[in-house]
Amino acid sequence: LEAGDHSRAHAAEKELDEWYDRDCSAVELGFITYGNAANVYWVHPRSGERHMQRRLIPGDEGTVWLTAGLGHRFVVVEEASGETLGEYEATHDAIHTIVAAPRPISKRSAEQWKRTEDDLRKFEQNRANRVKRTWTKRGYDRAPLPPALFADIATYWYNNAATCLVYEEWGADSAHVNWWSAPPEMCYLPFGLKRRWHDALRPLVEAWIGDVELEDTDLYGLRRYTRGSTLMPHVD
């Protein structure tokens, strides 16, 4: 090979190796619990020794995300009792619920919640009336997703739907979703998927609003509304 060709071949090989390590041989694993505090350990493939990775505290905000190679194994151990709560292998991007969240309960009556919803509806209408500039005629639209993006979303859902769904944590006075009567469920996403989905969606939304450059804010996950669930119209 000529010197220049050799350099280009080396660079291409390095790029291929980096792509394989990043997108093919590594996955993101999430762990979430609503029970007692626990510890997440990586298990050495030959010796079986457990190596402490992260402390897992209860609630949404305590979710632990780790990047792992395919085939790596992890165990989650309750901190106080030393009981093994679960053993997991890295086979795909996933989030594992260690101890499920209890169904949310409210002490308010249906009439009290109706008044709260009425007040919130008026508040959101006033917010909408104060909007000074609009970017589209209706403020919303519906369009097909790019096939690759839809496949990515469907794959994550297929791999995780049976185990990932948890009841979301709502404030005691929050009424945008009627969590007290028909609580929706959430399947949280790893950071890599969030970035990938943002990157795929951003140019579509930018084109829709007139080629205005946008920046990412947040992408919670895949929410499943159960029968009877409602979502209050609101201004984000």
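Colleague: What makes Asp 216 and Arg 202 a salt bridge?

Modeller: This is a predicted model, and in it the closest N and O atoms of Asp 216 and Arg 202 are 2.9 Å apart. A salt bridge needs a Lys or Arg side-chain nitrogen within 4 Å of a carboxyl oxygen of Asp or Glu, so the pair qualifies. Asp 216 lies in the loop between α4 and β10 and Arg 202 in helix α4, so the bridge ties together parts 14 residues apart in sequence.

Colleague: Why is Arg 202 called partly exposed?

Modeller: Its relative accessible area is 22%. Buried means under 20% and exposed means over 50%, with partly exposed in between, so Arg 202 is partly exposed. Asp 216, at 36%, is partly exposed as well.

Colleague: How do you know that Asp 218 and Lys 194 form a salt bridge?

Modeller: Their closest N and O atoms are 3.9 Å apart. The limit is 4 Å, so the pair counts. Asp 218 sits in the loop between α4 and β10, and Lys 194 in helix α4, 24 residues apart.

Colleague: Are Asp 218 and Lys 194 buried or partly exposed, and why?

Modeller: Lys 194 has a relative accessible area of 16%, and under 20% means buried, so Lys 194 is buried. Asp 218 has 44%, which lies between 20% and 50%, so Asp 218 is partly exposed.

Colleague: What makes Asp 152 and Arg 196 a salt bridge, and which parts does the pair tie together?

Modeller: The N to O distance is 2.7 Å, and the cut-off is 4 Å, so this is a salt bridge. Asp 152 is in helix α3 and Arg 196 in helix α4, so the bridge ties together parts 44 residues apart in sequence. The structure holds 13 salt bridges.

Colleague: Why can Trp 208 belong to a nonpolar patch on the surface?

Modeller: Trp 208 has a relative accessible area of 35% and is partly exposed. Patch residues need over 30% and no salt bridge, so Trp 208 passes the area test. The patch also includes Leu 201, Leu 204 and Val 205, and its accessible area is about 570 Å² together. Helix α4 gives the most to the patch, four residues.

Colleague: Which residues touch the most other members of the largest nonpolar core?

Modeller: Among them are Tyr 156, Leu 189 and Trp 197, in a core of 19 residues. The largest share of this core, four residues, comes from α3.

Conventions: Residues are numbered from 1 along each chain as its sequence is written. This is a predicted model: local features need pLDDT of at least 70, side-chain atom pairs count only at pLDDT 80 or more; totals for chains, interfaces and linings use all residues. Side-chain values use heavy atoms; hydrogens and water are left out. Patches are made of residues with over 30% relative accessible area and no salt bridge: like charges are joined within 9 Å, nonpolar side chains (Val, Leu, Ile, Met, Phe, Trp, Tyr) within 5 Å. Accessible areas come from the Shrake-Rupley method with a 1.4 Å probe; for residues, only the protein chains shown count as cover. Helices (H or I, at least four residues) and strands (E, at least two) are DSSP runs, numbered from the N terminus. Buried means under 20% relative accessible area, exposed over 50%, partly exposed in between (1.4 Å probe, protein chains only). A nonpolar core is a set of buried Ala, Val, Leu, Ile, Met, Phe, Trp, Tyr and Cys residues joined through side-chain atoms within 4.5 Å.
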